[in-house]
Amino acid sequence: MSALARMRLAGLLRTGRALAPLLAGLITLGTLYGGGRAQPAEAYGVSAVVLFPVLAWQTKILLDVEPDVQRRLAQVTVGVARERLSGLLAAAVAALVTVAVALLFPWLVGGVSGPVGPGDRSIPVGLALGLWAHLLVVPAAVALGALASRASVGGAGYGVAVLTLGGVGAVVFGLTGSVAPWLAPPIMAAARTTAGDAAALTLLGLTGWALAWSAAVVGGYLWRRRAEG
Amino acid sequence: MRLENVWLRYHRRGPWVLQGIDVRIGPGEAAIVLGRNGVGKSTLLQVAAGVLRPGRGRVTDRPARVGWVPERFPADQPFTVTRYLTGMARVAGLGRAAADEAVTFWTDRLGLSGFRSVRLPELSKGTAQKVGLAQAMLRPPGLLVLDEPWEGLDATTRELVPELIADVLAADGSVLISDHRGETVRLPAARRWLVADGSLSEETSSTDETIAVVEVAVPAARVAGTVARLRAEGHQVLRVRSDASTAAPQARPAEPLRSAGAARPAEPSPGAAGELAAVQPEAADPVVEPTAGETR
């Protein structure tokens, strides 16, 4: 599985198609951190929200770079389950690299500050909460990107529609007072949590919610591809 | 491996491409899948290889290692020949050293040594098809599925395909091949599966059956296509001649099959006469003999 994941990551890098989502992510982060300095936890919470569609798009690009016939060759070689898993693994690795850049970025541009008041969190706690918020986004974004991939939905138009609906839905259904918050991954709730009271139970609940949402969407992705193999 | 009551369609409301296919192929056996364009030959091969899942029915006892050569190799990939094949060897489970060794062996054997550092999109169709053959053979497959493997190959490499098949069969593997070019005359011992209307029937060979020769006149420009179509339908084309004076539009009454040695090749490529002579004892159905125009 790792060999196939490596091959797919190499394909993403060699075609240069990784640049588009990376640039989009950097521009978004630049805009986000260009307005002034903020506490790490708060800043990272928002950063994770804006990275969600970027990481989903990056996943779709990674999975779409490979020609359909090559994907089938890989499936014949390693089997159905490992072919699907290796695609998700490659996307997760690529997403983690982007997350690392996102975590580093505000320190390079002076977008974050240390604690200034008595109630402010220390930098390590802020970093930990920021890392949690970003890691929460990775499985959800990978799942959405996989569902939007060509292997899942076929035409490019449907893929863009799935990405757009997923990205907008995550914000709209994640607003406070949403009638159906469970329709979206809890990235908005995570951002509110990092900016407010981050109780352990809350963090655990949101983590479980994100994983369950991601599992459901990955299930949809696998179901869409059920005719293969 | 066995296909048990396999049904397949591409869309929920679409027509069934395969309808109740029930067939078995054992170790050391090869089968040629024949049929007109669009009848489902590639679909059947992809079900056998594990690319497609049957809508109904199932595939059992598929060997663990399957090599699949698609009809068109996906050359639109950002790798050189070496990097691609090494990657596929690693994907197939070979270690680094074994992968390098396998890639060297197969690139040498298939005449790809001079292309090892060439990027896949820059390869000609035939050379890309050789890469497709190589990736399927990097680990000896228990089932080798070849979808039109001769397409685009040069004469030298065309001769290699039966050798690769023989290698797999010798190791107790199974081989499935589709072919519309008539190249499978190089595989006289292979079983012949005819796909038509979603169903599969096996042509049984019997030297006791009466053989008839039908002469057919076609416009010279359509000879190649007619020969290919007749072969795809399972007929043997004994020869093609340009003697228009004998190109009567009606079929003559059946006559006995002449001796194998008397048959002339349908195309002037080296070795073709031998191929036809070899296959004739296996003949079971009427033999068709186009009479007009030159061969390809």
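**Entry: the sheet of chain B**

I began with chain B of this predicted model, where I found six strands forming an open sheet in the order E5-E6-E7-E3-E8-E9, with mixed pairing. I then looked up which strands stand at the edges, and these are E5 (66-69) and E9 (199-203) of chain B, each of which has a single partner strand, so one side of each is left without a neighbour in the sheet.

As background, I reminded myself that the strands of a sheet pair through backbone hydrogen bonds, either parallel or antiparallel. In which sense do E5(B) and E6(B) pair? I found that E5(B) and strand E6 of chain B, which covers residues 143-147, pair in the parallel sense over four bridges. Within this pair, B:Val66 stands opposite B:Leu143 in E6(B).

**Entry: a helix across the sheet**

Next I looked up what lies across these strands, and I came to helix H1 of chain B, residues 41-49, which runs at about 160 degrees to E6(B). The strands that H1(B) lies across are E3 (30-34), E5, E6, E7 (174-178), E8 (191-196) and E9 of chain B.

B:Asn5 has a positive phi of about 50 degrees although it is not a glycine, and I located B:Asn5 in strand E1 of chain B, residues 2-8. Is B:Asn5 buried or partly exposed? Its relative accessibility is 41%, which lies between the limits of 20% and 50%, and therefore B:Asn5 counts as partly exposed.

B:Asp172 is also not a glycine, and its positive phi is about 65 degrees. I found B:Asp172 in the loop between helix H5 (155-170) and E7 of chain B. Because exposed means over 50%, B:Asp172 counts as exposed at 55% relative accessibility.

**Entry: chain A**

Chain A has 229 residues, of which 48% count as buried. Among the contacts in chain A between residues at least 6 apart in sequence, 80% join residues at least 24 apart. For the surface, I noted that chain A exposes about 9,800 Å², and that carbon and sulfur atoms supply 73% of this area.

Key: Residues numbered from 1 in each chain as written. Chains lettered and ligands numbered in written order. Predicted model: local features only at pLDDT ≥ 70, side-chain atom pairs only at ≥ 80, totals over all residues. Heavy atoms only, no water. Pairing = 2+ DSSP bridges. Helix = DSSP H or I, 4+ residues; strand = E, 2+ residues; numbered from the N terminus. Contact = heavy atoms within 4.5 Å. Axes fitted to C-alpha atoms, helices over the stretch in contact; angles between N-to-C directions. Buried < 20%, exposed > 50% of the residue type's maximum accessible area, 1.4 Å probe, protein only. Areas by Shrake-Rupley, 256 points an atom, 1.4 Å probe, with all protein chains shown as cover.
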